[in-house]
Amino acid sequence: MYEDGTSVDEDPENFDQKWGRKTYQSSKTTSDRESQSVVSLYGSWYFVMGLKDQRNSEQIAKFLDATDSLKPEPYSLQMYMRAPEKRVRDELEEKLRVKDNEINELQKKIRTLECVKLNLVLCGNEGLKSFTSTLILNQSEKGSVFSSECVRRDVELHGRLISLVELPALFNTQLSEEEVMRQTHRCVSLCDPGVHVFIIIIPDAPLNNEDKAEIEEIQRIFSSRINKHIMILIKQNSEHQTAELNEETQSVIERFGGRHQFIDLNTQVSELMEKLEQMVEENNGVCFSTETLMETQMLKFKEMKKRIHSLETLFQPQGNNLKI
């Protein structure tokens with residue numbers, strides 16, 4: 001029974017299927033809002049009695065019947081003793097719930113970033129690789145450390161995750177052929193699902209023998225299938241800059257599809273990223289994967305096997321019918 005005299009049966013919309021639990025509707029008065037807050041603390045079970053109603057005895061009887069129908073568990077000493085423990089447990093569960101939500105949000109963000117991840121591999125002169133790494137990673141300290149091992153660094157730029165792998169110098173090093181192959185496979189495998197762009201950095205000057213040999217070694221190991229994934233970066237000096245390319249540098253750029261970009265201390269990373277992303281779009285997002293590298297190695301192996309067979313046939317003594 002409400003204070004206005006309305007009976008329970010006359011107001012069924014505000015109650016659940018049985019008497020006793022009311023879905024509290026919005027109230028305009030402060031007292032109603034306070035009552036709602038208090039009631040919600042105790043499972044939303046309540047009973048409204050009109051103090052001036054002449055049918056108080058009837059209301060009390062209904063109240064007692066309703067209380068009996070709830071069959072509440074008696075509040076015991078054990079319940080009292082367990083109350084602090086329950087409160088602590090509830091607080092911990094709430095904190096865990098909040099942490100779980102934070103973790104889920106972070107995981108969603110990571111998945112989003114991975115969907116637009118850009119995998120880059122730096123190749124070439126060690127000093128120029130260090131300059132470019134520092135530029136892309138936006139670090140004040142030295143971006144790379146000379147190493148015979150592939151090194152990967154990740155950074156978020158403009159809402160996109162960038163994975164930057166530095167490939168050790170392949171020519172004129174102490175690395176054996178076996179180790180060179182291991183490092184090339186490692187650099188590609190670090191870029192799951194594959195390399196979007198191989199960046200070759202060269203100076204804005206005639207190439208020396210070491211620079212030429214490094215480019216040849218990259219082409220030899222990765223084959224011509226790497227060409228559409230290569231961007232040439234030309235490091236310029238701040239004192240002397242020109243848009244003109246010497247004939248040798250122009251030849252290298254044309255060899256790898258004509259894609260190139262000048263960089264210096266004032267280069268905006270956003271401009272470089274835009275150029276790289278445009279290149280990825282032109283390749284329809286296709287990567288140079290470990291499968292691609294394995295296929296190139298198998299083709300080389302088959303070609304080598306054919307040449308060896310041809311040489312054996314050429315130098316096989318006349319009349320010898322044995323085949324190797």
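Which residues does Phe 198 touch, not counting residues up to four places away in sequence? The list runs Val 121, Cys 123, Phe 222, Ile 226, His 229, Ile 230, Met 231 and Phe 288, where contact means heavy atoms within 4.5 Å.

Okay, some ground rules. This is a predicted model, where local features need pLDDT of at least 70 and side-chain atom pairs count only at pLDDT 80 or more, while totals for chains, interfaces and linings use all residues. Residues are numbered from 1 along each chain as its sequence is written, and side-chain values use heavy atoms, with hydrogens and water left out.

Now the overall picture. We've got nine helices and six strands; those are DSSP runs numbered from the N terminus, with helices being H or I of at least four residues and strands being E of at least two. Of the 324 residues in the chain, 35% are buried, and buried means under 20% relative accessible area with a 1.4 Å probe, protein chains only.

Back to Phe 198, then. The largest nonpolar core has 31 residues, and Phe 198 is among those that touch the most other members, along with Val 121, Phe 222 and Ile 232. By nonpolar core I mean a set of buried Ala, Val, Leu, Ile, Met, Phe, Trp, Tyr and Cys residues joined through side-chain atoms within 4.5 Å. Several elements each supply at least two residues of this core, including strand E1 (118-124), strand E4 (197-203) and helix H6 (209-222). Apart from that core there's another one, of 24 residues, with Leu 120 and Ile 263 among them.

On to the rings. The whole structure has three aromatic pairs; Phe, Tyr and Trp rings (the six-membered one for Trp) pair if their centres lie within 6.5 Å, and planes under 30 degrees apart are stacked, over 60 edge-to-face, the rest tilted. Phe 198 and Phe 222 make a tilted pair, 5.1 Å centre to centre with 55° between the planes. Phe 198 sits in strand E4 and Phe 222 in helix H6, so this pair ties together parts 24 residues apart in sequence.

What about Phe 198 and Phe 288? Their ring centres are 5.6 Å apart and their planes sit at 85°, so that pair is edge-to-face. Phe 288 is in the loop between helix H8 (269-282) and helix H9 (290-314), 90 residues from Phe 198 in strand E4.

Ring pairs link Phe 198, Phe 222 and Phe 288 into a cluster.

Terms used:
Buried means under 20% relative accessible area, exposed over 50%, partly exposed in between (1.4 Å probe, protein chains only).
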